[in-house]
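Work through the exercises below with the sequence and the model open. Each task is followed by a solution in steps.

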Amino acid sequence: MEAAIDFTSGVMGGIASVYVGQPLDTIKVKMQMFPDLYKNAFSCGIKTFRKDGIYRGLYAGTVPALSANIAENAVLFMSYGLCQKAICKLSFKNKVEELNTFQNALAGSSAAFFASLVLCPTELVKCRLQSAREVSNSTNIGPFRLCKQIFREQGFRGFFHGLESTFAREMPGYFFFFGAYEFTRSLFASESKSKDEIGIMKTALCGGIGGVSFWISIFPTDVIKSRVQIDPNGIIAKKSVLGGMKHIIKNEGFLKLYSGLGPSLIRSFFATGALFVTVNETRKFLSNFLE
């Protein structure tokens, strides 16, 4: 039953995080793929809005983003709970609440392996829709038409371009994500209040810090993932993750590995705050409802 509650909480959290952060995610992807077209996040956002508006511009890829975040967070939080219990047994502890920050971070990293498998296909579709204007000078293609095109041209495997870089992003990223979240929650906890009782605002702050920690730790890997998924026949796609980074540094400069970092950090702080608040409140509601 606990796994089902975690799964449902992850679904609700994924929905909340998409609607809070999608415009800044679109800006991030555009700046990663086309760093020479946009001077900064503000100009990218303005140009996108003027050319394509809100729905086809800033909220481009929302349907696959919802699919990606719902699938990822549902599997992630369910797997996180299961991995916490597994680490409890391996470390001879009786309760999940007894795990320290490192053990929670390790559970998050392990859970990210399973989340990556469902995230990669939907993330690929989202990135291609977000970059459609720059790649083909059109935003008329929708998610279902794009999926049919990918399947027709490349088969089922076509949806898993960038899986290696997705693993390389998610597993270390979620180590810092859950580690930072649980550590900051423990700072707010006291003898009279557990980590689950620190309140909505503090939970949102802890979630925001976890999200920022995620992106700071893995952003160059995310740049590689975006480029591989948008251009699977390009030079970067033919190299390993480290090989792709070396190629970008050599030909474009070190800073190109951090194109789009600014909007990512802003988006992540608010979107991840919304994610954890929604997950925790949904979990509390369902636990009380099912008692």
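**Exercise 1. A helix pair**

At what angle do helix H1 and helix H4 pack, and how far apart are their axes?

Solution. The model is a predicted one, in which local features need pLDDT of at least 70 and side-chain atom pairs count only at pLDDT 80 or more, while totals for chains, interfaces and linings use all residues. Residues are numbered from 1 along each chain as its sequence is written, and side-chain values use heavy atoms, with hydrogens and water left out.

Step 1. Locate the elements: H1 covers residues 2-33 and H4 covers residues 62-90. Helices (H or I, at least four residues) and strands (E, at least two) are DSSP runs, numbered from the N terminus.

Step 2. Read off the geometry: the angle is about 145 degrees and the axes are 7 Å apart. Axes are lines fitted to C-alpha atoms, for helices over the stretch in contact, and angles run from 0 to 180 degrees between N-to-C directions.

Step 3. Assign the hand: H1 and H4 make a right-handed crossing. A crossing is right-handed if the near helix is turned clockwise from the far one by less than a right angle, and left-handed if anticlockwise.

Step 4. List the contact (heavy atoms within 4.5 Å). H1 contributes residues including Phe7, Gly10, Val11, Gly14 and Ile15, and H4 contributes residues including Leu66, Ile70, Ala74, Phe77 and Gly81.

Step 5. Sort the contact residues of H1 and H4: 12 are nonpolar, 8 polar and 3 charged. Here Ala, Val, Leu, Ile, Met, Phe, Trp, Tyr, Cys and Pro count as nonpolar, Asp, Glu, Lys and Arg as charged, and the others, Gly among them, as polar.

**Exercise 2. Aromatic pairs**

How many aromatic pairs does the structure hold? Classify two of them and describe the setting of their rings.

Solution. Step 1. There are 22 aromatic pairs in the structure. Rings of Phe, Tyr and Trp (its six-membered ring) pair if their centres lie within 6.5 Å; planes under 30 degrees apart count as stacked, over 60 as edge-to-face and the rest as tilted.

Step 1. Take phenylalanine 102 and phenylalanine 175: the ring centres are 5.8 Å apart and the planes are at 70 degrees, so this pair is edge-to-face. Phenylalanine 102 belongs to helix H5 (residues 101-130) and phenylalanine 175 to helix H8 (residues 163-188), so the pair ties together parts 73 residues apart in sequence.

Step 2. Check accessibility (buried means under 20% relative accessible area, exposed over 50%, partly exposed in between, with a 1.4 Å probe and protein chains only). Phenylalanine 102 is exposed at 52%, whereas phenylalanine 175 is partly exposed at 24%.

Step 3. Take phenylalanine 178 and phenylalanine 276: this aromatic pair is also edge-to-face, with 6.1 Å centre to centre and 90 degrees between the planes. Phenylalanine 178 is in helix H8 and phenylalanine 276 in helix H11 (residues 261-289), 98 residues apart. Phenylalanine 178 is buried at 0%, and phenylalanine 276 is buried at 1%.

Step 4. Extend to the network: ring pairs link a cluster that includes Phe77, Tyr174, Phe178, Trp215, Phe254 and Phe276.

**Exercise 3. The nonpolar cores**

Which residues have the most contacts inside the largest nonpolar core?

Solution. Step 1. A nonpolar core is a set of buried Ala, Val, Leu, Ile, Met, Phe, Trp, Tyr and Cys residues joined through side-chain atoms within 4.5 Å.

Step 1. The largest core has 32 residues, and Leu76, Phe77, Tyr174, Phe177 and Phe178 have the most contacts inside it.

Step 2. Two or more residues each come from H4, H5, H8, helix H9 (200-230), helix H10 (241-251) and H11. H9 gives the largest share, 8 residues.

Step 3. Another core, of 10 residues, lies apart from this one and has Tyr38, Cys44, Leu58 and Ile230 among its members.

Step 4. Examine phenylalanine 77: leaving out residues up to four places away in sequence, phenylalanine 77 touches Asp6, Gly10, Phe178, Leu275, Phe276, Val279 and Arg283.

**Exercise 4. Single residues**

Where does phenylalanine 92 lie? Then place valine 118.

Solution. Step 1. Phenylalanine 92 is in the loop between H4 and H5. Its phi is near 60 degrees, a positive value in a residue other than glycine. With 76% relative accessibility, phenylalanine 92 is exposed.

Step 1. Valine 118 is in helix H5 and is partly exposed at 31%. Valine 118 touches Ala71, Glu72 and Val75, not counting residues up to four places away in sequence.
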